[in-house]
Amino acid sequence: MGVTNLEKFESESFDVVFDALCIHCIIGKDRPEMYKEISRVLKKGGLFYLNSSCGGSEHDQVKGFANFDKNTNCEIRDGKPYRYIGTEAELIKELKDHQFQMIRKEIIYRNGMIGNIKVLAKKIP
């Protein structure tokens with residue numbers, strides 16, 4: 001079982017789903033599936049806490065990566081996508097596209113490092 005398949009859990013069985021810094025490791029077509037499953041297991045009006053890397057291709061640290069695909073915003077390791085480092089706007093759009101309403105947002109950048117975005121979002125019925 002992974003975050004793209006939460007069949008072990010009944011629909012609308014959680015009040016809160018918490019991302020413990022794993023979503024940036026979900027790549028490509030798995031991202032929409034992950035959001036669908038999170039939405040499915042959340043109760044109506046349930047909360048989703050996103051805690052992810054952010055920055056995108058224009059961020060200083062990303063520019064320093066030896067292998068970064070600007071088309072997908074993915075760091076590449078051993079020839080494969082390793083982690084997704086989307087921009088703030090891209091991450092917020094993903095939430096909206098999957099029926100989440102942002103309640104609160106915080107972004108922290110430290111010493112030129114990739115940012116960390118924390119978003120509290122509510123599932124829209």
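Which residue of strand 5 is the bridge partner of Ile76? The model at hand is predicted, with local features requiring pLDDT of at least 70 and side-chain atom pairs pLDDT 80 or more, while totals for chains, interfaces and linings use all residues. Residues are numbered from 1 along each chain as its sequence is written, and side-chain values use heavy atoms, without hydrogens and water.

The chain holds three helices and seven strands, where helices (H or I, at least four residues) and strands (E, at least two) are DSSP runs numbered from the N terminus. Their order from the N terminus is β-α-β-α-β-β-β-α-β-β.

The partner of Ile76 is Pro81 in strand 5. Strand 4 (residues 74–77) and strand 5 run antiparallel and are joined by four bridges; two strands count as paired if DSSP finds at least two bridges between them. Both belong to an open sheet of three strands in the order 3-4-5, with antiparallel pairing. Strand 3 (68–69) and strand 5 are its edge strands, each pairing on one side only.

Helix 1 covers residues 30–41, and its 12 residues should span 16 Å at 1.5 Å a residue; the end C-alpha atoms lie 17 Å apart, which agrees. The expected span is 1.5 Å times one less than the number of residues. Buried residues of helix 1 include Met34, Tyr35 and Ile38, buried meaning under 20% relative accessible area with a 1.4 Å probe, protein chains only. Among the elements that cover the buried residues of helix 1 are strand 2 (42–54) and helix 3 (88–97), contact meaning heavy atoms within 4.5 Å.

Across the chain of 125 residues, 40% are buried.

Methods: Buried means under 20% relative accessible area, exposed over 50%, partly exposed in between (1.4 Å probe, protein chains only).
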